[in-house]
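Biologist: Please pick out one spot in this model and take me through it slowly, together with whatever surrounds the story.

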Amino acid sequence: MTPKDLIAQALEAREMAYAPYSSFKVGAALLTRDEKVYRGCNIENAAFSPTNCAERTAIFKAISEGERAFAALAVVADTTDVCRPCGVCRQVMAEFFSSDVLIIMANQAGKWETATVEELLPGAFGPAELDGDRIQHA
Ligand code: THU
């Protein structure tokens with residue numbers, strides 16, 4: 001699947017966005033290594049903080065279905081420049097994406113660029129920080 005195909009899936013996912021408060025609709029499409037696509041949109045909430053971004057919706061859908069091996073994630077919104085993931089989504093990507101997962105950031109006008117999770121969140125806090133004596137085994 002090409003980056004453009006994955007962006008097209010993210011654009012379709014964007015149509016499902018529940019964004020009555022910001023009116024900022026975002027779509028995401030996550031490609032697994034065995035070529036399955038999990039789509040996500042942003043889901044807002046009247047209490048604001050429970051809002052879930054499109055990227056995390058797609059990632060959590062995939063994880064909850066047992067997926068662990070990913071190839072690429074596309075995110076798209078109607079922005080002037082490409083749509084860049086928020087810090088919380090970058091942290092979630094750092095948990096599940098290896099350095100070869102292509103993160104495709106796009107806008108509706110057809111502009112796109114790619115990055116790795118290490119480029120988006122260098123030196124991320126990760127599982128390695130929780131090793132050794134700090135893990136409390138119940
Ligand atoms: N949002 C996303 O879904 N992904 C991003 O990368 C940036 C922000 C959503 C959250 C909220 O519903 C709206 O966009 C405005 O921040």
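Is D100 buried, exposed or partly exposed, and what is its relative accessible area?

Modeller: Happy to. First, a word on the ground rules: this is a predicted model, in which local features need pLDDT of at least 70 and side-chain atom pairs count only at pLDDT 80 or more, while totals for chains, interfaces and linings use all residues. Residues are numbered from 1 along each chain as its sequence is written, and side-chain values use heavy atoms, with hydrogens and water left out.

D100 is partly exposed, because its relative accessible area is 48%; buried means under 20%, exposed over 50%, and partly exposed in between, using a 1.4 Å probe and protein chains only. You will find D100 in the loop between α3 and β4. Helices (H or I, at least four residues) and strands (E, at least two) are DSSP runs, numbered from the N terminus.

The partner of D100 is R33: the two form a salt bridge, with 3.1 Å between the closest N and O atoms. The term means a side-chain nitrogen of Lys or Arg within 4 Å of a carboxyl oxygen of Asp or Glu. Distant parts of the chain are linked this way, since R33 sits in the loop between β1 (26–32) and β2 (37–41), D100 sits between α3 (87–96) and β4 (102–107), and the two are 67 residues apart. R33 is partly exposed too, at 44% relative accessibility.

The whole structure holds six salt bridges. Another one joins E67 and K36, at 2.7 Å from N to O. That pair also links distant parts of the chain: E67 lies in the loop between α2 (54–64) and β3 (70–77), K36 in the loop between β1 and β2, 31 residues away. Here E67 counts as buried because its relative accessible area is 9%, whereas K36 is partly exposed at 40%. R84 is partly exposed at 40%, and so is D81, at 31%.

The strands named above belong to an open sheet of five, ordered β2-β1-β3-β4-β5 with mixed pairing. At the edges are β2 and β5 (112–115), each pairing on one side only, and the twist averages 15 degrees from one strand to the next. Two strands pair if DSSP finds at least two bridges between them; β1 and β3 do so in the antiparallel sense over seven bridges, with G27 opposite V76 in β3.

R84 brings us to the ligand. Its surroundings include R84, N42, A54, E55 and C86, a residue being near if one of its heavy atoms lies within 4 Å. A polar side-chain atom of N42 is 2.9 Å from a ligand oxygen, a backbone N or O atom of A54 is also 2.9 Å from one, and for a backbone N or O atom of R84 the distance is 3.4 Å. Taken alone, the ligand exposes 370 Å², and the protein buries 79% of that; the areas come from the Shrake-Rupley method with a 1.4 Å probe.

Key
Axes fitted to C-alpha atoms, helices over the stretch in contact; angles between N-to-C directions. Polar contact = N/O pair within 3.5 Å; in protein donor to acceptor, adjacent residues only side chain to side chain.
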